[in-house]
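Subject: Structure handover

Hi there,

Here is the structure I promised to pass on.

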Amino acid sequence: METQVKQNILERVVEAVKNVFNPQDDSAFKVFKGANGKYYWHSRHTNNLEDREKEVLPESAHIEYEARVDAGLVPPPEFWSWHTEGSRQGQAEIVFYDNHIMNAIGTFDDT
């Protein structure tokens, strides 16, 4: 009985995560409400694919950046509107590289 309850809870958690991070959804930016009542943002902000200028940021650079953030060597990225100085709206709490895409999840500033 206890094992079944744990399994049901796990299934509900997995389903909740899927609803937030749907792999078929190609949105670059999402806002969601955490279980603690706070609002968070999720951005998919860069990749290792060739851009219009024929430039490529290699996968190794993304992986090394994630490791530097995790080790506290560099700060996680800030959330700015359109790269406009003075438009900071939040700070990432984690970064992760997944399937060619660099992701960040963070909180909003109290502004």
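Leaving out residues up to four places away in sequence, Phe29 touches Trp41, His42, Ser43, Phe79 and Phe108, where contact means heavy atoms within 4.5 Å. Phe29 sits in strand E1, residues 29–33. Helices (H or I, at least four residues) and strands (E, at least two) are DSSP runs numbered from the N terminus. With a relative accessible area of 35%, Phe29 is partly exposed; buried means under 20% relative accessible area, exposed over 50%, and partly exposed in between, using a 1.4 Å probe and protein chains only. Ala104 is 75 residues away from Phe29 along the chain, and their C-alpha atoms are separated by 9.7 Å.

Before going further, please note that this is a predicted model, in which local features need pLDDT of at least 70 and side-chain atom pairs count only at pLDDT 80 or more, while totals for chains, interfaces and linings use all residues. Residues are numbered from 1 along each chain as its sequence is written, and side-chain values use heavy atoms, with hydrogens and water left out.

Now for the chain as a whole. It has two helices and five strands, and read along the sequence they follow the pattern α-β-β-α-β-β-β. Of the 111 residues in the chain, 23% are buried. Taking contacts between residues at least 6 apart in sequence, 39% join residues at least 24 apart. The accessible surface comes to about 8,500 Å², and 54% of that belongs to carbon and sulfur atoms; these areas come from the Shrake-Rupley method with a 1.4 Å probe, and for residues only the protein chains shown count as cover.

Which residues form the largest nonpolar core? There are eight: Trp41, Val69, Phe79, Ala92, Val95, Tyr97, Met102 and Ala104. Strands E4 (88–98) and E5 (101–108) each supply at least two residues of this core, and E4 gives the most, with three. By nonpolar core I mean a set of buried Ala, Val, Leu, Ile, Met, Phe, Trp, Tyr and Cys residues joined through side-chain atoms within 4.5 Å. In soluble globular proteins, nonpolar side chains tend to be buried together.

Strands E2 (39–47) and E3 (78–80) each supply at least two lining residues, with the largest share, four residues, coming from E2. The lining divides into eight nonpolar, four polar and two charged residues. Here Ala, Val, Leu, Ile, Met, Phe, Trp, Tyr, Cys and Pro count as nonpolar, Asp, Glu, Lys and Arg as charged, and the others, Gly among them, as polar.

Finally, a few loop residues. Most residues other than glycine have a negative phi. Lys54, in the loop between E2 and H2, has a positive phi of about 65 degrees although it is not a glycine, and counts as exposed at 62% relative accessibility. Asn99, in the loop between E4 and E5, has a positive phi of about 50 degrees and is exposed, with a relative accessible area of 61%.

Best wishes
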